[in-house]
Amino acid sequence: MENTAVESVRFSEVVSALSYALDITEGQPAGHAARTCMIGMHIARELDLSSELRSALFYGLLLKDLGCSSNASKVCTLFGADDRAAKRDLKTTDWCSTVDSACYIARNVRPEGSLMQKARRFVSVAVGGQSAARELVQIRCDRGANIARSLLLPELTAEAIQSLDEHWDGRGHPQGLAGEAIPLLSRIMGLAQTVEVFWHRDGVNAACEMALDRSGTWFDPELVELFVHLRNNRELAADMVSADPGQAVAAMEPIGLELRADEAALDRLAMGFSEVVDAKSPWTFQHSRGVADLSEGIAGVLGMDGRRLRRLRRAALLHG
Ligand SMILES: [Fe+2]
């Protein structure tokens, strides 16, 4: 292993593998980000986007949830519940609808609590309503965009992550952008991630029904039309049932613009994902970096240096 040429590793393969960790923080089934990426890249192909845009989109789709862990403890405290269950359920809820939102809150507050505890929590979440939601999305989007920047990904990728939860009708978060003021890549990512959840759980027809239902409110109508047109695309249908979506999607990176996972890029990825891990709880703030510093210090005393020391630091950063 020591002599494996790291230059032969594609950045897309490492990122698609790590995207499974983001699926966990978001409470989604393994492969959610990878399948979202497949859907988004098929839409991009139909739109005939430039290679540069598709490259930025590719990493945006895989890393859209980089900031997800950062609001985990707030969600957990707000709902008095497992943040992953609350987040999973949110993905299938039309939270712009008052009735759907109320049902969502009722389902997710204090699942183990008494009726009285549930009622109290229901009121506090409902009163916090939109401003609490905006704050949660803001934390997640800022964090995600900043980690993408620290990985030296294109600024378009960071911007796309920043505006992931904006809605076509201006009722999304955090800025309430509307229509074409929302970056195109964010509009594609927002549609693709929701389509993936419904498609994977209930099939392509359910995904189309949801997209049409939210066309013009959540989603850009032109993109919805395009996706509905794609429903019979055999290649996409085959991709969606791939046994190893992470591996399959890694090959969908735009040709000619493939990023290489050189040593410095791998260091940045390890650092970036250590921040994802540590953000999960206030108790683990900078924990991974501390473990890495201590490990490196001990190994240095033991005489370890060069590539081995560098790999040890990465392993320590990713131990969680
Ligand atoms: Fe640890």
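A residue is called buried when its relative accessible area is under 20%, exposed when it is over 50%, and partly exposed in between, as judged with a 1.4 Å probe and the protein chains only. The structure is a predicted model, in which local features need pLDDT of at least 70 and side-chain atom pairs count only at pLDDT 80 or more, while totals for chains, interfaces and linings use all residues. Residues are numbered from 1 along each chain as its sequence is written, and side-chain values use heavy atoms, with hydrogens and water left out.

**View 1. Asn233 in the loop between helix 11 and helix 12.** Asn233 sits in the loop that joins helix 11 (221-230) to helix 12 (234-240), where helices are DSSP runs of H or I with at least four residues, numbered from the N terminus. Asn233 is buried because its relative accessible area is 19%. A polar atom of the Asn233 side chain lies 2.9 Å from the backbone nitrogen of Leu236.

View 2. The iron ion has as protein donors the NE2 atoms of His287 and His319, which lie 2.2 Å from it; donors are N, O and S atoms within 2.8 Å of the metal (3.2 Å for Na, K and Ca), and since water is not among the atoms, sites may look incomplete. This pair links distant parts of the chain, 32 residues apart, with His287 in helix 15 (residues 287-301) and His319 in the segment after helix 16 (306-317). His287 is partly exposed, at 37% relative accessibility, and His319 is partly exposed as well, at 45%.

**View 3. An aromatic cluster of Phe11, Phe58 and Tyr59.** These three residues form one aromatic cluster, and the count of aromatic pairs comes to four. Rings of Phe, Tyr and Trp (its six-membered ring) pair if their centres lie within 6.5 Å, and planes under 30 degrees apart count as stacked, over 60 as edge-to-face and the rest as tilted. The ring centres of Phe11 and Tyr59 are 5.5 Å apart with planes at 55°, so this pair is tilted. Because Phe11 lies in helix 1 (residues 11-25) and Tyr59 in helix 3 (residues 51-63), the pair ties together parts that are 48 residues apart in sequence. Phe58 and Tyr59, with centres 5.0 Å apart and planes at 90°, form an edge-to-face pair. Phe58 is buried at 0% relative accessibility, and Tyr59 is likewise buried at 0%.

View 4. Across the whole structure, a search finds 16 salt bridges, each being a side-chain nitrogen of Lys or Arg within 4 Å of a carboxyl oxygen of Asp or Glu. Arg314 pairs in this way with Glu263, their closest N and O atoms being 2.5 Å apart. Arg314 lies in helix 16 and Glu263 in helix 14 (residues 263-278), so the pair ties together parts that are 51 residues apart in sequence. Both Arg314 and Glu263 are buried. Arg313 and Glu296 also meet in a salt bridge (2.6 Å, N to O), which links helix 16 with helix 15 across 17 residues. Here Arg313 is partly exposed at 22%, and Glu296 is partly exposed at 29%.

**View 5. The salt bridge of Lys64 and Asp65.** The side chains of Asp65 and Lys64 meet in a salt bridge (2.6 Å, N to O). Asp65 is buried, with a relative accessible area of 1%, and Lys64 is buried at 2%.

Note on methods: Helix = DSSP H or I, 4+ residues; strand = E, 2+ residues; numbered from the N terminus. Polar contact = N/O pair within 3.5 Å; in protein donor to acceptor, adjacent residues only side chain to side chain.
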